[in-house]
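Please look over the sequence and the model below.

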Amino acid sequence: MAELRHRGLKDTDPTVQQQPSEDKGSDNELKAEKDGVSDSESKVDSGVPEVPVPADDTPEVLNKALSGLSSRWKNWWVRGILTLAMISFFFFIIYLGPMVLMMIVLCVQIKCFQEIITIGYSVYHSYDLPWFRTLSWYFLLCVNYFFYGETVTDYFFTLVQREEPLRILSKYHRFISFALYLTGFCMFVLSLVKKHYRLQFYMFGWTHVTLLIVVTQSHLIIHNLFEGMIWFIVPISCVICNDIMAYMFGFFFGRTPLIKLSPKKTWEGFIGGFFATIVFGIMLSYVMAGCRYFVCPVEFNNDSNSFQVDCEPSELFQLQDYALPSMLESVTGWTTVSLYPFQIHSIALSSFASIVGPFGGFFASGFKRAFKIKDFANTIPGHGGIMDRFDCQYLMATFVNVYIASFIRGPNPTKVIQQLLALRPDQQLYIFNSLKAHLTEKGLLPALEEAAAA
């Protein structure tokens, strides 16, 4: 960083020093940030070494096929081809079923964690911090054990109660999880090295923030999936649609910069992506809401030891007639329109994906700029790393989970029964008598008995 400071002082062009290039994806910006950084900026960032920019890993076949195009159009075609490939793969894993989807979510979580942790290790590798990567992966294991253990207990209750080892692990799950984390905590304290205390605590925080962003929110995606595959597919598809359409509108019509963190983002792309995503969300919801495979909650069948998706669709997924406002009635000539109630909810999901969702990408852009890197990794040519594709998805997953809990999900009778079965016999009997007295007082119990006798 001292070399950068001297270079910045020798630079005689004030425009380069004060106004770095606004092209995020170009090599000129990286050069401007290196050569034109001010002395004050150097002092602030003097403790943050740069991470090497990943080399271009575009397949040789595409390089040859697109060799005659400009870099702008070459990038457009590479991104487009790889986007179609990823969408095709997404449809394929949906076809394979919910269990495969869960495994893919877990794999994506691990890869995103690895990309962020690798950045931290690459930046501070020269300090040779002891046990940093080992402890990071150990904490990932602990957190996943805690979250997925809770999920297994909730959704596989009968299976857990049937197997003695699983029942013991379920009963003491939180204590075991805490003991595992406490072991890692003690290992971290024992690994502290003189002269590197501050840096080690900084990386300790780095690991935990990464766990909060990646593991916690990927676990919410699993919970959304259990509510019904439509709650998994529609939000993810809306984010993908918004990302594609914002890029398309910005590429062809973009003129007005949207935010300095992402200079390639434009207001034209932002607005065009918003309206396109709303329309896409309504149409996709209409197609999926009529299929039980997508709308029914994902449940584990204890008899067949497999997941099943079969139910009587709730009112949320049954066509209803809605009266149109007088203004729309005069334009269309229709008095009512038939919609699935979920389509109305899809407007909220699409709006979030278009308005707030991109801020996950802006957050990631700020993180990458802090370490002067273009992408988290070079896993996907033209797109960067897996985290570059899922920065908005994690924010969307949290919103969907909160939205379901606030406006959709009611008390789950299955989970209540599971909790009752875990009580002692005398506690179960007490609840039975209390419930019987309550139903008798309401006048419901005689009616239920007569209906059962008939």
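## Helix α11

Helix α11 covers residues 173-190, 18 residues in total. From its first C-alpha to its last, α11 reaches 26 Å, close to the 26 Å expected at 1.5 Å a residue. The model is a predicted one.

Which residues of α11 are buried? They are H173, S177, G184 and F188. Seen down the axis of α11, these buried residues fall within an arc of 50°, so they line one face of the helix. F175 and L190 sit on the other side of α11 and are exposed. The buried residues pack against three elements: α8, α10 (164-171) and α12.

## The largest cavity

How many cavities of 30 Å³ or more does the model hold? The count comes to four. The largest cavity has a volume of about 120 Å³. Its lining is made up of 13 residues. Nearest the centre of the largest cavity lie F132, L135, F188, Q200 and F204. Two elements give two or more residues each to this lining: α8 (132-155) and α12 (197-226).

What classes of residue form the lining of the largest cavity? Nine are nonpolar and four are polar. No charged residue takes part in the lining. F188 links this cavity to the helix described above: F188 is one of the buried residues of α11, and F188 is also among the residues nearest the cavity centre.

## S218 in helix α12

Helix α12 also holds S218. Is S218 buried or exposed? Its relative accessibility is 1%, and the cut-off for buried is under 20%, so S218 counts as buried.

S218 has contacts beyond its neighbours within four places in sequence. The partners are V105, Q109 and Y394. S218 and I110 are 108 residues apart in sequence. In space, the C-alpha atoms of S218 and I110 are 9.9 Å apart.

## Positive phi angles

K195 lies in the loop between α11 and α12. K195 is not a glycine, yet it has a positive phi of about 80°. Its relative accessible area is 78%, so K195 is exposed.

K372 is found in another setting, the loop between α18 (358-370) and α19 (386-408). K372 is not a glycine either, and its phi is positive at about 55°. Is K372 buried or exposed? With a relative accessible area of 13%, K372 is buried.

Helix α21 itself covers residues 425-442. Its 18 residues should span 26 Å at 1.5 Å a residue, and its end C-alpha atoms are 26 Å apart, which agrees.

## Q318 between two strands

Where is Q318 found? Q318 is in the loop between β4 (306-308) and β5 (320-323). Q318 is partly exposed, with a relative accessible area of 36%.

Leaving aside neighbours within four places in sequence, Q318 is in contact with P313, L339, Y340 and P341. Q318 and S338 are 20 residues apart in sequence. Their C-alpha atoms are 9.7 Å apart in space.

Technical notes. Residues numbered from 1 in each chain as written. Predicted model: local features only at pLDDT ≥ 70, side-chain atom pairs only at ≥ 80, totals over all residues. Heavy atoms only, no water. 1 Å grid on protein atoms, 1.4 Å probe; cavity = no way out; pocket = protein on both sides within 12 Å on 5 of 7 lines; lining within 4 Å. Points joined across faces, edges and corners; volume = space filled by probe spheres on them. Helix = DSSP H or I, 4+ residues; strand = E, 2+ residues; numbered from the N terminus. Nonpolar A, V, L, I, M, F, W, Y, C, P; charged D, E, K, R; others polar. Expected span 1.5 Å × (residues − 1). Buried < 20%, exposed > 50% of the residue type's maximum accessible area, 1.4 Å probe, protein only. Arc of directions from axis to C-beta. Contact = heavy atoms within 4.5 Å.
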